[in-house]
Amino acid sequence: MKILIVDDEEAIRKIVRKYAEFAGYEVAEAKDGMEAVLLCRKESYDCVIMDIMMPELDGFSACREIRKTSSVPILLLSARGEEYDKINGFEFGADDYIVKPFSPRELMLRVDAVLRRVNMGGASAPKAEKVSDIYTYNGLSVDFTARIVTIDGEELPLSPKEYDLLFYFVRNRNIALSREKLISDVWGYDFYGSDRTLDTHIKLLRKSIGRFAECIVTLRGVGYRFDAP
C-alpha cells in the first residue's frame with residue numbers, strides 16, 4: 001500500500017516515512033498542499049497524512065480539493081487541537097485529526113485502523129438483519145450499494161465518515177445505540193480518539209441531512225437513536 005506524507009517540515013516527513021516504511025508501506029512525499037493535490041490527481045494513494053499549516057495551500061484547502069476527485073482516507077496533523085479546528089477538518093472531508101506533538105507509533109496504528117475500515121467497506125449491518133439495497137423515507141434515499149444519499153433527488157456530498165454513520169443509523173433505525181457501540185462498530189475497537197469525535201461527527205451529519213436531522217435523537221446518558229419507519 002502507498003502513503004502520501006504532506007508536511008512542509010522535512011524532519012516530520014522523515015520520521016513518519018521511517019515508521020511507515022518499517023510498517024511495510026510504500027511512501028511518497030509532498031512539501032505543501034498544492035503539491036499534494038497535484039500528486040493525488042496523477043497518482044493513486046491508499047492514505048494521505050497531511051499537515052494543516054503549510055505554504056502555498058493549507059491542509060484544509062488541500063483536503064477539500066482532493067475530495068473533489070478522490071475518496072482516499074486523509075489524516076490531518078495539526079498543532080491546534082481546539083474543537084473548532086477538528087470540526088473544520090472533518091467538514092473538509094478528513095477521516096481523522098491528530099494533534100501535534102504525536103506519537104509516530106500511534107499515527108501508524110491510526111493509519112492501519114482507517115485502512116481496515118476502508119477495506120471492510122465501512123460499518124456493516126448485523127448479520128441477522130437483511131437490509132435492502134436502497135432505503136427511502138419521505139424524500140430521503142440511502143443507496144447502500146452505490147454509497148449514494150439523496151434528499152428530494154439531490155445527492156448529498158457527505159464525508160466518508162458521515163456515510164458510515166448514516167448507513168449504520170439507517171440499518172439500525174429505531175434502536176437505542178450506546179456511544180460505546182457506535183464507536184466500536186463505526187470506528188472500530190482500535191479507535192484512538194475521544195467521545196468528542198463522535199459528537200462532532202453527529203453534529204456534522206445532522207447539518208448535512210437538513211430536515212432529517214431531527215431523526216437523529218440524542219438519548220441523554222445513553223447515546224443516539226435514528227427514528228424513522
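1. A nonpolar core is a set of buried Ala, Val, Leu, Ile, Met, Phe, Trp, Tyr and Cys residues joined through side-chain atoms within 4.5 Å. Buried means under 20% relative accessible area, exposed means over 50%, and partly exposed lies in between (1.4 Å probe, protein chains only). Keep both terms in mind for the points below.

2. This is a predicted model, where local features need pLDDT of at least 70, side-chain atom pairs count only at pLDDT 80 or more, and totals for chains, interfaces and linings use all residues. Residues are numbered from 1 along each chain as its sequence is written, and side-chain values use heavy atoms, with hydrogens and water left out.

3. Start with the overall make-up. The protein chain has 8 helices and 12 strands. Helices (H or I, at least four residues) and strands (E, at least two) are DSSP runs, numbered from the N terminus. Of the 229 residues in the chain, 51% are buried. The accessible surface comes to about 11600 Å², and 51% of that surface belongs to carbon and sulfur atoms. Such areas come from the Shrake-Rupley method with a 1.4 Å probe; for residues, only the protein chains shown count as cover.

4. Next, contacts (heavy atoms within 4.5 Å). Take the contacts in the chain with a separation of 6 or more: residues 24 or more positions apart account for 58% of them.

5. Now the cores. In soluble globular proteins, nonpolar side chains tend to be buried together. Here the largest nonpolar core has 31 residues. Those with the most contacts inside this core are Val 142, Val 149, Leu 165, Leu 166, Phe 169, Leu 182 and Phe 226. At least two core residues come from each of E7, strand E8 (148-151), helix H6 (160-171), helix H7 (179-187), helix H8 (195-208) and strand E12 (223-226). H6 gives the most, with 7 residues. A second, separate core has 25 residues, including Tyr 45, Ile 66, Val 72 and Phe 90.

6. Look at Phe 226 in detail. Which residues does Phe 226 touch, not counting those up to four places away in sequence? The list is Leu 140, Leu 166, Phe 169, Val 170, Arg 173, Asn 174, Cys 215 and Ile 216.

7. Turn to charged pairs. A salt bridge is a side-chain nitrogen of Lys or Arg within 4 Å of a carboxyl oxygen of Asp or Glu. The whole structure holds 17 of them. In one of these, Glu 29 pairs with Arg 17, and the closest N and O atoms are 2.6 Å apart. Glu 29 lies in strand E2 (residues 26-30) and Arg 17 in helix H1 (residues 10-22), so the pair ties together parts that are 12 residues apart in sequence. Glu 29 is partly exposed at 27%, and Arg 17 is partly exposed at 25%. A network of salt bridges links Arg 13, Arg 17, Glu 21 and Glu 29.

8. Two further pairs deserve a look. Lys 31 and Glu 35 form a salt bridge at 3.5 Å, N to O. Lys 31 is partly exposed, at 47%; Glu 35 is partly exposed, at 25%. Lys 68 bridges to Glu 65 at 3.0 Å between the closest N and O atoms. Lys 68 is exposed, at 59%, whereas Glu 65 is partly exposed, at 22%.

9. Last, Asn 138. Is Asn 138 buried or exposed? Asn 138 counts as exposed because its relative accessibility is 58%. Asn 138 sits in the loop between strand E6 (134-137) and strand E7 (140-143). Leaving out residues up to four places away in sequence, Asn 138 touches Arg 211 and Phe 212. Asn 138 and Pro 229 are 91 residues apart in sequence, yet 9.7 Å apart in space, C-alpha to C-alpha.
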